[in-house]
Amino acid sequence: MSDRETLTWELFGSASRELAEQVAADGYRPDIILSIARGGLFVAGALGYALDVKNLHVANVEFYTGVDERLPVPIMLPPVPNVVDLSGAHVLVADDVADTGATLKLVRDFCTGHVADVRCAVVYEKPHSTVQCEYVWRRTDRWINFPWSTQPPVVERNGQVLDA
Ligand code: 5GP
């Protein structure tokens, strides 16, 4: 078996739909979907359409610097979401994966005390995550290749567009 779990764009289509079905089946009707950029933006966009939620917000969190390489702690980069906009809302936090869980914990704790309710939806959750998400599509302990981050960025050099 490969040491990597691979999510293709096609599989992401059904994964995000099934994740939305879990939220709907649970009777949870979020007022706001708060995505964790960048990977969570894809998940939040798909959930927003599937659950008919138009109010999407973004939290920019930086933690990973490479495969299993991290900063000492996750940090929220500006612009930080305005808690007044979240006030009293039922919030669904969306991310691609809960690995250590530190990123989701940071965002969930940021919401707690301001919002009516906060729940988390992820495509993958790893067994050692300190946050147990309410909605999870699949569980794995392997490193995941996401379709949005497996290819290198594109760069322009001498009039040619190349992979970095
Ligand atoms: P955590 O804070 O739960 O350790 O990690 C959260 C973030 O780290 C994810 O949103 C993702 O950007 C990145 N990350 C963690 N594990 C993986 C992984 O297995 N594959 C990829 N591509 N990114 C990961």
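**Exercises: a hairpin and a ligand site**

In the hairpin of E9 and E10, with two residues between the strands, Asn158 takes a positive phi near 50 degrees. The model is predicted: local features need pLDDT of at least 70, side-chain atom pairs count only at pLDDT 80 or more, and totals for chains, interfaces and linings use all residues. Numbering starts from 1 along each chain as its sequence is written, and side-chain values use heavy atoms, without hydrogens and water.

**Exercise 1.** State in which sense E9 and E10 pair, and over how many bridges.

*Solution.* Take the strands (E, DSSP runs of at least two residues, numbered from the N terminus, as are helices, H or I, of at least four). E9 spans residues 154–157 and E10 residues 160–163. They pair (at least two DSSP bridges) in the antiparallel sense, over four bridges. Arg157 stands opposite Gln160 in E10.

**Exercise 2.** List polar contacts of the ligand (N or O pairs within 3.5 Å).

*Solution.* Begin with Asp96: a polar side-chain atom lies 2.7 Å from a ligand oxygen atom. Next, the backbone. An N or O atom of Asp99 lies 2.7 Å from a ligand oxygen atom. For Gly101, a backbone N or O atom lies 2.8 Å from a ligand oxygen atom.

Note on methods: A polar contact is a pair of N or O atoms within 3.5 Å; within protein, one must be able to donate a hydrogen and the other to accept it, and residues adjacent in sequence count only if both atoms are side-chain atoms.
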